[in-house]
Number of protein chains: 2
Amino acid sequence: MTAVDNGHTHLRGPVLVIGTGLLGASIGLGLRRWGIDTVLSDPSPSAEAVARDIGAGRLLRDAEPGFAPELVVSAAPPDVTADVVAGALTDYPAAVVVDIASVKASVAADLATSGADLSRYVGTHPMAGREKTGPVAARAELFTSMPWVLCAPEAATGTAVKTAQALALDLGAVVSRMSVEEHDQTVAMISHLPQVVSSLVASRLQSTAPQALSLSGQGLRDVTRIAASDPSMWVQILGANASRVVDILYGVREDLNRLINTLEHPRADGARLDLAQLMSEGNAGQARIPGKHGAPPKAFAELTVLVDDIPGQIAKLLTEIGTIGVNLEDLRLDHSPGQPVGLAEISVVPNRRTELIEALTERGWKVVS
Amino acid sequence: MTAVDNGHTHLRGPVLVIGTGLLGASIGLGLRRWGIDTVLSDPSPSAEAVARDIGAGRLLRDAEPGFAPELVVSAAPPDVTADVVAGALTDYPAAVVVDIASVKASVAADLATSGADLSRYVGTHPMAGREKTGPVAARAELFTSMPWVLCAPEAATGTAVKTAQALALDLGAVVSRMSVEEHDQTVAMISHLPQVVSSLVASRLQSTAPQALSLSGQGLRDVTRIAASDPSMWVQILGANASRVVDILYGVREDLNRLINTLEHPRADGARLDLAQLMSEGNAGQARIPGKHGAPPKAFAELTVLVDDIPGQIAKLLTEIGTIGVNLEDLRLDHSPGQPVGLAEISVVPNRRTELIEALTERGWKVVS
């Protein structure tokens with residue numbers, strides 16, 4: 001694996017990473033791939049020791065006197081980000097400082113009132129993560145091909161912005177720029193809304209009978225997958241972006257109330273139309289989410305192949321698709337608890353679909369749609 | 001592919017399928033695999049012609065005088081199911097009649113007042129479907145390994161129940177039995193709740209800026225996937241199961257109001273605790289959904305491998321896993337719009353994980369966690 005390199009200037013280091021959770025340790029691992037001197041610090045001695053032991057960098061406590069990083073990355077929790085950034089700007093007067101908190105306006109507001117020198121600061125948000133937490137879950141490729149948003153304050157120098165950008169590019173991410181307000185509104189919609197709704201649905205399952213849950217299909221699984229996320233992190237994120245999330249939730253509540261009202265009187269005039277409208281609006285919104293490669297979801301054609309759930313069967317299928325020379329754009333396995341047979345839903349570019357179906361059928365595969 | 005055959009007695013036919021949409025046509029295709037004489041009828045001449053042309057059976061309009069089916073399957077929309085069932089019980093006095101509507105209590109109630117002979121009737125619900133509709137999307141394997149619930153009325157004879165069961169087994173499904181009330185409460189929770197919530201979230205995206213949507217991650221995609229479902233079918237399902245769905249939605253609304261109240265005053269005493277509780281309840285509910293093979297989700301160990309998005313790369317990975325001899329329990333591709341590199345998250349039984357990581361690493365794969 002070679003990380004994306006589109007001719008940008010690498011960081012020269014050293015880079016100080018404050019906070020060695022999943023993201024901080026992953027940043028360390030990613031920078032070490034380039035041989036960049038990475039220095040780690042965390043209030044938890046065991047967390048920073050684990051991060052060092054997995055190869056994310058050396059420890060700040062062992063650093064030479066007069067240690068002067070090129071870049072300081074605050075990978076601290078959102079709650080303490082502004083303090084950590086302000087402290088770093090003071091402690092390292094020659095360094096550029098970035099944070100990677102997933103909310104940006106509250107951090108910017110706190111920094112504005114702190115009197116810190118914001119010419120050397122850039123707020124950033126790598127849009128990557130996992131349901132798992134801590135340095136043990138870290139991986140150098142966590143940011144590979146993921147969006148990384150930069151929110152530079154007006155005061156930020158060109159050098160500060162370029163340094164923040166080099167961090168993202170060194171880690172293989174895709175940079176985009178927006179204002180803190182635009183960022184926070186965006187994540188309220190595309191990240192915080194689905195998170196809270198997923199949690200609301202999943203919490204209903206706490207008292208559902210096991211027999212009922214045993215009939216769960218892929219729909220329920222998909223809707224509730226992210227409900228497994230870390231509560232402590234989300235408490236901070238939701239708290240910091242509360243006003244924007246709540247604005248969206250007012251709209252959800254209005255629609256929910258309309259739906260409840262309709263379902264309370266399912267035989268009333270207009271009830272059917274109300275339900276149809278809710279569903280159609282969902283269709284319309286869902287269709288606007290871009291697919292892989294930024295293309296609209298409908299840009300790929302699907303086919304479904306029956307596979308036995310035995311070692312190597314899916315591999316064999318994909319090998320043959322590779323041999324046929326068709327690129328697999330996406331793959332989803334559809335299966336049911338306790339069963340030995342499943343369906344592989346395969347997305348390919350539309351003009352190769354017929355050819356692929358013919359070639360697979362010839363090779364004895366059961367293409368079921 | 002050989003369909004599941006666990007020694008049950010096959011239907012002998014003929015089987016009359018009334019309604020040749022996705023499910024009805026799929027039933028026809030599935031029964032024809034066993035050579036069972038399948039006869040089709042649909043109010044839409046073009047729908048029944050398509051179903052015949054794809055091999056789902058012959059048309060009722062061409063049937064011999066005195067045609068007497070062993071089994072009639074109402075695959076009509078929920079709205080007209082009770083009428084179709086009552087009509088079939090009258091028209092075919094020697095036949096067992098089943099319906100496959102995804103709501104059961106309203107159908108049973110309508111039939112109870114119709115005066116129909118319920119000794120020959122069994123309500124059923126094959127828990128299978130697609131986001132697509134119509135006979136063109138039909139496939140013989142739609143029901144393979146999926147749950148198929150039987151809700152037999154008290155009056156139903158043993159023959160009626162055995163015939164309904166033979167239908168499900170001939171189509172490769174897994175039979176379970178429950179009362180209509182238990183069924184409708186179950187699907188309200190595991191199917192109708194996630195559907196309406198997915199639609200509510202997706203409908204918010206109708207006015208979201210394209211740039212914001214371009215940052216969408218897997219979380220939003222997963223939560224909104226089923227929002228692409230067919231409105232006209234869901235209008236009927238939600239209308240028929242309104243009281244049970246609305247009971248669950250009251251709980252969702254209560255939690256949503258609590259969340260909104262908390263987010264309106266994010267710095268109030270107890271706000272953090274409220275948010276933590278919502279998230280933790282989501283964790284707890286999500287963890288109760290059984291995984292593949294009925295095992296709890298945590299029963300499998302995950303590993304993540306970096307894959308280039310080129311033809312054959314994922315196939316190559318899975319081939320090597322097959323060669324190593326480890327069974328793939330689940331596979332999820334994680335990717336980002338516009339990018340050539342992705343992550344394959346692989347689930348295996350825990351005691352094979354370390355071995356697999358070592359073997360893959362030896363073969364030059366980048367296992368990132």
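I began in chain A, where strand E1 (residues 15-18) and strand E2 (residues 38-41) pair in the parallel sense over four bridges. Strands here are DSSP runs of E of at least two residues, and helices are runs of H or I of at least four, numbered from the N terminus. I count two strands as paired if DSSP finds at least two bridges between them. Within this pair, Ile18(A) stands opposite Ser41(A) of E2(A).

I noted the conventions next. This is a predicted model: local features need pLDDT of at least 70, side-chain atom pairs count only at pLDDT 80 or more, and totals for chains, interfaces and linings use all residues. Residues are numbered from 1 along each chain as its sequence is written, and chains are lettered from A and ligands numbered from 1 in the order in which they are written.

I then traced the whole sheet of chain A. Eight strands form an open sheet with mixed pairing, in the order E3-E2-E1-E4-E5-E6-E7-E8. Its edge strands are E3 (58-59) and E8 (174-177), each pairing on one side only.

I turned to chain B. Its open sheet of eight strands is also mixed, with the order E3-E2-E1-E4-E5-E6-E7-E8. E3 (58-59) and E8 (174-177) of chain B each have a single partner strand, so one side of each lacks a neighbour in the sheet. I looked up the partner of E8(B): four bridges join it in parallel to E7 (residues 147-151) of chain B. Pro147(B) has Val174(B) as its bridge partner there.

Which residues have the most contacts inside the largest nonpolar core? They are Val73(A) and Val73(B), in a core of 233 residues. Such a core is a set of buried Ala, Val, Leu, Ile, Met, Phe, Trp, Tyr and Cys residues joined through C-beta atoms within 7 Å. Buried means 20 or more other C-beta atoms within 10 Å of the residue's own, placed from the backbone. Beyond four places in sequence, Val73(A) is in contact (C-beta atoms within 7 Å) with residues including Val15(A), Val17(A), Ile18(A) and Leu167(A).

I checked the interface last. 112 residues of chain B are in contact with 112 residues of chain A. Helix H6 (residues 180-204) of chain B gives the largest share of chain B's side, 16 residues.

Technical notes:
A residue is buried if 20 or more other C-beta atoms lie within 10 Å of its own, exposed if 12 or fewer, and partly exposed in between; C-beta atoms are placed from the backbone. Two residues are in contact if their C-beta atoms, placed from the backbone, lie within 7 Å.
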